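Take a look at the sequence and the structure below. The report that follows goes through them part by part.

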Amino acid sequence: MRRLLPSFRLAVLVAAALFGAVPEGRAGGDPVVVGVVLPMSGDNATFGEESWNGIKIAEAEIAKKDPSVAFKLILADEQSKREQVGPATKTLIENNRAAIVVGSVASSNTMQAAIVCKEAGVPILTPASTNDKLTSEVEKYGEDVFRVCFQDSFQGTMLGRFATKTLKAKKAVALVDKGQAYSVGLAAQFEKEFVALGGTVVTEYYTSADKDYTTLVQKVGGLKPEVILISGYYPQAGPMIKLGKDAWKGVPVIGGDGLDSPDLLPLAGETDIKVYFTSHFVASDTDPLVQGFVTKYQEAYAGADPGAMAALGYDAMYAVYEAAKKAMAANGGATPTGKQLAAALRGLEFTGVTGKIVIGPDRTPRKAVVIVQAAGNFQFVEKILPE
Amino acid sequence: MTLRLRNLARALPALALGYVVARMFAGDVGGDGTLLDYLAIGTAQGAIYAFVALGYTMVYGVIRLINFAHGEFFMVGAFAGYFVLRDAGIEKLAWPQPWPLVASYAVALVAGALAAALLALLAEALCYRPIRKAGRIAALLTAVGLSLLLQNLARQWPPIGPTQRPWPAPRLWAAAADVPSPADGNYYEIRTFKSPSGESVDREKLVVAKGQRLTPANLQRLEALPGPQVFRKGELSPALVDRSIVLMLGLSTLVLWFLVQRTKTGKAMRAVSEDHAAARLMGVNVNRVIAATFFLGAFLAGLGGVAFCAKYGQVDPLSGFMPGLKAFIAAVVGGIGSIPGAVVGGLFLGVSENLFAAYVSTEWKDALAFVLLVAVLLSKPTGLLGRPYREKI
């Protein structure tokens, strides 16, 4: 027993060193640790890849122009799997001591990250998760969930209006994946608006585990819709559009920002179906702010056009930077803690490449939605500003 | 009387199948969501299940092993086809269209089938043969382990990776200088060889299409890219792939029947299936027969893998999982160990699944397969065409 005691004491000391509380307000000059959780592999890999590219461009730019705030970015791959998000986020917070978490993309996944962040008392800023519940269900996801994108109640309403007013459709079929909060939420908002404007909606369900949508696509074709809403993500939407080549007889397809991926067109193949989706940003927008970012991105990444996820990643990194600057000014230049960053994010205002971002009391900016047509490439159709 | 009824019960589905296939080849199928459409979709889907089920059933017939790694042979075959289609450049052949397209698909099929078959040979020699005497449970566990191993190796191996990839559309060669006026309604595709972080990638990026952004500046930018190549996109329509699948299934079933019933190897296979020891005593090289069985089964799985992924347009390390599972169910439903059973089981599963999806619920489609399995096993424990089980006393 006596022999054991010293080693026990040592163990306690080591444990205290490893898990000990971090003092509030770290000394100035330390980098702000930003934990980034994104789908870098799996189904939604292009979302992760583009977001990360955007974040890296922003970080390099910030490091060049303002050496007073240093950032340390740590990336964790959530593999596009819901069950991987929690552990990945926990690692970022506990092992890497992230002061703030940035991520993820799919709303259902960000919800998992938000639950972990709420327990740990760390704020989370999502670049691209649009489901309303993330910021409205405070008791579940906490007070410190922020985003730099609009939410589905806005996006879905705009889709409903676009379908009625521009496409002149009265009868819609909505394809919904019950396993994705994003898919359910977006379709519900679309239906609300579409029905209010005098249309009817028939809902059909699919699952993302399924690889074969041939029958579903036929069934939708048989319902003779005037517009088809694919409420979900590109790995499912692309093949559906491909299979719809014959069965949908040119009925236009609409979707949300989940379709905004460079993989959408290769998956959809050559088609004469008109595909429109709502998004945050499109590279063919002639707005100088957008074109400035497109040039930067093309220089950094071998001439590739940035998608919306890249632009949102860029804006998310800038939001963290602006918040850190604000927090440092308020706290005498000390490296900000998570709590201070969260306080600084409230009411933050800056102009990003996806538009002017004002983080209001509901922690969601009011922003313009861009309607994009996917025909060979992503073409700018129109930009609708919020009322 | 009962005999006639049974004949009728067999003849009717066969006639219906013949009718559906005939309409498929006549090009009457697709578009309106009629019963015929769903039957055709189900037949094509079922044909893929049948392809994979044949491998399950043959291996089971010979060594009483459910080879759970069979779905991974399917996936490896699909990836082999993917690489050939992406990199071999067969589509550049100076033949009149659409022959380069058809040739590249055919080469991809053969490459996929051979890759899967060689992998199966390797797996049999390295994993199954050494433990053949250790009993059926050990073999079953080895199969499950091998399945997980192959899936995860594929995830880790950089050329494959964990991320799902769009199936490469066969590209038709065109030099950048040949890109016509912006009014041309064709699709063009650019391959960039450097990824954002510098390593080479294969994600094809559509930069220019329908002429919309084909400005001189744009073209210059493309030409400045590291080794840009402009291709006209060619594509096999899903309907064409469907027909090829049904045709291949018909041919393979005939070839298999001939192999098993009319050749010496086939005779040896049947002998090994009856009794290993007796076959060996009669001078049959049991190891060779088992290896041949694995080879044939995986060859078909590889064909199925390429066709499946070409139809649905994507491939990833888990591509073989669901089709493998469904095919296993198809093999059991048809009567495991029986070659016609695998074909019947596959078609039965494919058709009923798609009819269910069409008229009841698309969401519960995958669950139906398992319900069918239970229902068939309850009423006919040896499957639709299985031989009744004889208790040896």
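This is a predicted model: local features need pLDDT of at least 70, side-chain atom pairs count only at pLDDT 80 or more; totals for chains, interfaces and linings use all residues.

## The nonpolar core

The largest nonpolar core has 227 residues. A nonpolar core is a set of buried Ala, Val, Leu, Ile, Met, Phe, Trp, Tyr and Cys residues joined through C-beta atoms within 7 Å. Buried means that 20 or more other C-beta atoms lie within 10 Å of a residue's own; with 12 or fewer it is exposed, and in between it is partly exposed, with C-beta atoms placed from the backbone. The residues with the most contacts inside this core are A:Val101, A:Leu229, A:Val320, B:Ala50 and B:Ala116. Helix α2 (residues 35-63) of chain B gives the core its largest share, 19 residues. Helices (H or I, at least four residues) and strands (E, at least two) are DSSP runs, numbered from the N terminus.

What is A:Val101 in contact with, leaving aside its neighbours within four places in sequence? Its partners are A:Gly35, A:Val37, A:Thr89, A:Leu92, A:Ile93, A:Ala113, A:Cys117, A:Val122 and A:Ile124. Contact means that the C-beta atoms of two residues, placed from the backbone, lie within 7 Å.

Residues are numbered from 1 along each chain as its sequence is written, while chains are lettered from A and ligands numbered from 1 in the order in which they are written. The model scores ipTM 0.74 and pTM 0.81.

pLDDT is the predictor's confidence in each residue, from 0 to 100. Chain B has a mean pLDDT of 79, and 76% of its residues reach 70 or more. Within chain B, confidence is lowest in strand β3 (residues 188-191), at a mean of 42. It is highest in helix α10 (residues 286-312) of chain B, at 93. Over residues 173-219 of chain B the pLDDT is below 50, yet beyond near neighbours in sequence this stretch has 85 contacts in the model. Residues 225-232 of chain B are also below 50, with 27 such contacts.

## A five-strand sheet in chain A

Five strands of chain A form an open sheet, in the order β2-β1-β3-β4-β5, with parallel pairing. Two strands pair if DSSP finds at least two bridges between them. β2 (71-77) and β5 (145-147) of chain A each have a single partner strand, so one side of each is left without a neighbour in the sheet. The twist averages 25° from one strand to the next.

Helix α2 (residues 45-65) of chain A packs on this sheet, touching β1 (32-38) and β2 of chain A. Its direction makes about 160° with that of β1(A). Axes are lines fitted to C-alpha atoms, for helices over the stretch in contact, and angles run from 0 to 180 degrees between N-to-C directions. Three bridges join β4 (residues 124-126) of chain A to β5(A). There, A:Leu125 stands opposite A:Phe146.

## A covered helix

Helix α7 (residues 152-166) of chain A has 15 residues. Is it mostly covered or uncovered? α7(A) is mostly covered, with eleven of its 15 residues buried. Among them are A:Phe154, A:Met158 and A:Phe162. After α7(A) comes A:Lys168, whose phi is positive, near 55°.

## A seven-strand sheet in chain A

Seven strands of chain A make an open sheet with mixed pairing, in the order β7-β6-β8-β9-β10-β13-β14. β7 (200-206) and β14 (377-384) of chain A stand at its edges. Strands β9 (residues 253-255) and β10 (residues 275-279) of chain A pair in the parallel sense over three bridges. A:Gly255 has A:Phe277 as its bridge partner in β10(A).

Methods:
The expected span of a helix is 1.5 Å times one less than its number of residues.
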